[in-house]
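Thanks for asking me to look this one over. My notes are below as numbered points, to be read with the structure open beside them.

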Amino acid sequence: MMFKNNVQYLKGVGPQKAKLLEKLGVKTVYDLITYFPKEYEDRRQLKAISKVQDGEETSIQAQVVNQKIIYTRKRNGILKIFLKDNSGEVVLICFNQMYLADILKTGVHVVLHGNFERKLTQLESSNFTYEILDGSDNDLIHTKRIVPIYGLTKGLNIKFLRSLIKKTLDKYVDNFQNMLSDIIKHEANLCDYIWAIKEIHFPQNWQEKEKAYRRLVFDEFFLFQLALAFKKKGIKKIKKSFTCRLKRTLLTPFRQTLPFDFTPAQKKVINEIFSDMQSIHPMNRLLQGDVGSGKTVVALAALLLAVENGRQGVIMVPTEILAMQHYINLEKMLAPLKIRVDLLAGGMGKREKRKICQELKEGKIDIIVGTHSLIQEGVDFFQLGLVVIDEQHKFGVNQRALLRNKGLNPDVLVMTATPIPRTLALTVYGDLDVSTISESPKGRGKIITQCMKEKQAYRKVSEEIEKGRQCYIVYPLVDESESLQIKAAVKMFEKLKKDVFPTYKVGILHGQMKKKEKKTVMEKFVEKELDILVTTSIIEVGIDVNNATVMVIENSNRFGLSTLHQLRGRIGRGKHTSHCILIGEFKAFEARRRREVMLATNDGFKIAEEDLRLRGPGEFFGTQQHGLPELKIGNIIIDFKIMEKTREIAFKTLERVNLTDFERSRIKDALWERFGSNLKWLSVG
Ligand code: ADP
Ligand code: MG
């Protein structure tokens, strides 16, 4: 297979250049022909020499008329090459390029692209690229056309790379077999694949380039969606060892003790989840809903269904504080039902942990809440039926898989309060079923978001406390280390307690406190024994105190939109009007944009879309292993329409009854070729 050959063996490459190419991710001939231009330069227009301005970058066509070498004391020798067209003369100044004397010989015709300067009466260029005209006009690749610009690395020159790609395309690309070509060409009205590859490197004009681009993006996305479709189908094929039945021995009493009714939106998603759990195939579902939409009770209903069927349930969350809060809540809600709930978190003693693991294994614990500690070795279940992962975007793909593997094909429910923009939902979570809680419980007060100076903010805080409400003051420094963040929060805490709010009860909560302390502070805040909670961004997720109506965010200019929205989601949970107060200097463009968005909307989906636009898909998910594919050409935001189309065709293709064995094997080969055994970017719920 020619296309898998190492580029080293291409003419003119050799081991050294191959090493440089490898730095660009180019190892094989295939890599080379799919190393697409990062941009283009339009060098189609040629200028008459007399019209070239001082400081201009442009192209000319001329003939060499003379050469001279000038010796100076400092330099070895400077080569000057004189060229002429009908309108005037230009001098090329060549430093350390003596070899050009043999190439740009008198009489030779060239096209030249460069930066020009007018010195006295003379036009000069010392920074240029040239191409010799040999009579046939066709094969110009560096000049007099739309010229591809490639990403480079030190030691690799653009002209070399461009020529190499051109030569390789000319020689080999016609033999390239695109395994999927026919399957999608029929369905999507696309141009020829091989034509597209040639065109994307050396386009005839912009329209043709666009056509080629669409074709190649289509191919790339299609393959990706095929992989997702395969994965989804694969899960659907697995049979669970156990299927839940709706017994209601726990669910009915649970509903009766709840102080509220489920919203229609909650009912809808509970039905979707229950129907998955009663199916013979494992559930693999994403539950999304804005902050405060009430995902926890939905998860709880699912956990109870598992427990009333004699299975165990687990809920994993990203922070200890959230684990604690869930644990406190669950214990309270489930106490009347005689269900055993327990907590496993990092800060616990060895002995305590060992005891819990033992009981978990023996099936004495029905529901366990915990952090990453749950995925460690030594944590085993008796009969794990349901895995719930809360705020799942804070976990990596592998961590989710590890937890799932603690059971034998358990049902899996992942929850997120960062609404995933549709663009990403189709890619990163393309193999999951999705349930959306589309509306929050009624009767909540609205949230007013404002920018204020500190003094003004503190006045608001007092006002609300006087009304009997409670407040968060978040003191984060995103760029600094966690311990610096905590220091800042502690300092602030002392100041607030002593100088600003001496008559109020102020508490502090941060990640480095002992488990017991955290629990005490949390409980105090819940029980209204604290008026103000000073904290770091660890409370971003989950915390749920209805009486809190003010969220003051210091340094808010330094936060991403998702974090700001999550923090704001901590208030507005009761019936009172709430206030989100942003403090900070909004000088940078992006910070201003974020502030604008925060002030304009409370809609988590809109905010997520904007966040994605501002930061791009990689950043949007933070540093976690997010499961985005590496793309060579497509852009999942800009080319969203194509993604949708490929998804439709990919899923349809696999469902086609008359898919021949030949087609099937071609699809598998194509997937293997593109992703190899390294399919781990697929999100494993
Ligand atoms: P999130 O979706 O952000 O995880 P929570 O599950 O923490 O939201 O719920 C937010 C708050 O709304 C909690 O105090 C919860 O008790 C309350 N809640 C949940 N469902 C309802 C409902 N149907 N009616 C009224 N309040 C509800
Ligand atoms: Mg939650």
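1. Let me begin with Gly430, which sits in the loop between α14 (422–425) and β14 (433–437); helices here are DSSP runs of H or I with at least four residues, strands are runs of E with at least two, and both are numbered from the N terminus. Gly430 is buried, at 0% relative accessibility. Buried means under 20% relative accessible area, exposed over 50%, and partly exposed in between, with a 1.4 Å probe and protein chains only. The C-alpha atom of Gly430 is 9.7 Å from that of Phe224, although 206 residues separate the two along the chain.

2. A word on the model: it is predicted, so local features need pLDDT of at least 70 and side-chain atom pairs count only at pLDDT 80 or more, while totals for chains, interfaces and linings use all residues. Residues are numbered from 1 along each chain as its sequence is written, chains are lettered from A and ligands numbered from 1 in the order in which they are written, and side-chain values use heavy atoms, with hydrogens and water left out.

3. Now the overall picture. The chain contains 22 helices and 20 strands, and its C-alpha trace spans about 100 × 70 × 45 Å along the principal axes. Of the 685 residues in the chain, 55% are buried.

4. The domain division gives domain 1 (45–144), domain 2 (251–278 + 294–416) and domain 3 (447–601), with bounds that come from an automatic or database domain assignment. Taken over C-alpha atoms, the centres of domain 1 and domain 3 are 64 Å apart.

5. Which domains each supply at least three residues to the shell around ligand 1? They are domain 2 and domain 3. The shell has 18 residues, and Gly292, Lys295, Thr296, Arg444 and Asp544 come nearest; a residue is near a molecule if one of its heavy atoms lies within 4 Å of it. Helix α10 (residues 295–308) gives the largest share of the shell, three residues.

6. A backbone N or O atom of Gly292 is 2.6 Å from an oxygen atom of ligand 1, and a backbone N or O atom of Ser293 is 3.4 Å from a ligand 1 oxygen atom. For Arg444, a polar side-chain atom lies 2.6 Å from an oxygen atom of ligand 1. On its own, ligand 1 has 570 Å² of accessible area, and the protein covers 85% of this; the areas come from the Shrake-Rupley method with a 1.4 Å probe.

7. Turning to α6 (193–201), this helix is mostly covered, with seven of its nine residues buried. The buried residues are Tyr193, Ile194, Ala196, Ile197, Glu199, Ile200 and His201. Asp192 caps the N-terminal end of α6, with a side-chain oxygen 3.2 Å from the backbone nitrogen of Ile194.

8. Please check two backbone angles. Most residues other than glycine have a negative phi. Asn189, in the loop between α5 (181–188) and α6, has a positive phi of about 55°, and Asn189 is exposed at 70% relative accessibility. Asn409, in the loop between α13 (397–404) and β13 (411–416), has a positive phi of about 45° and is partly exposed, with a relative accessible area of 34%.

9. Leu408 also has its place in the loop between α13 and β13. Leu408 is exposed, with a relative accessible area of 62%.

10. A disulfide is a pair of cysteine sulfur atoms within 2.5 Å, and the structure holds zero disulfides. Cys451 is partly exposed at 31% relative accessibility, whereas Cys580 is buried, with a relative accessible area of 0%.

Key
A polar contact is a pair of N or O atoms within 3.5 Å; within protein, one must be able to donate a hydrogen and the other to accept it, and residues adjacent in sequence count only if both atoms are side-chain atoms.
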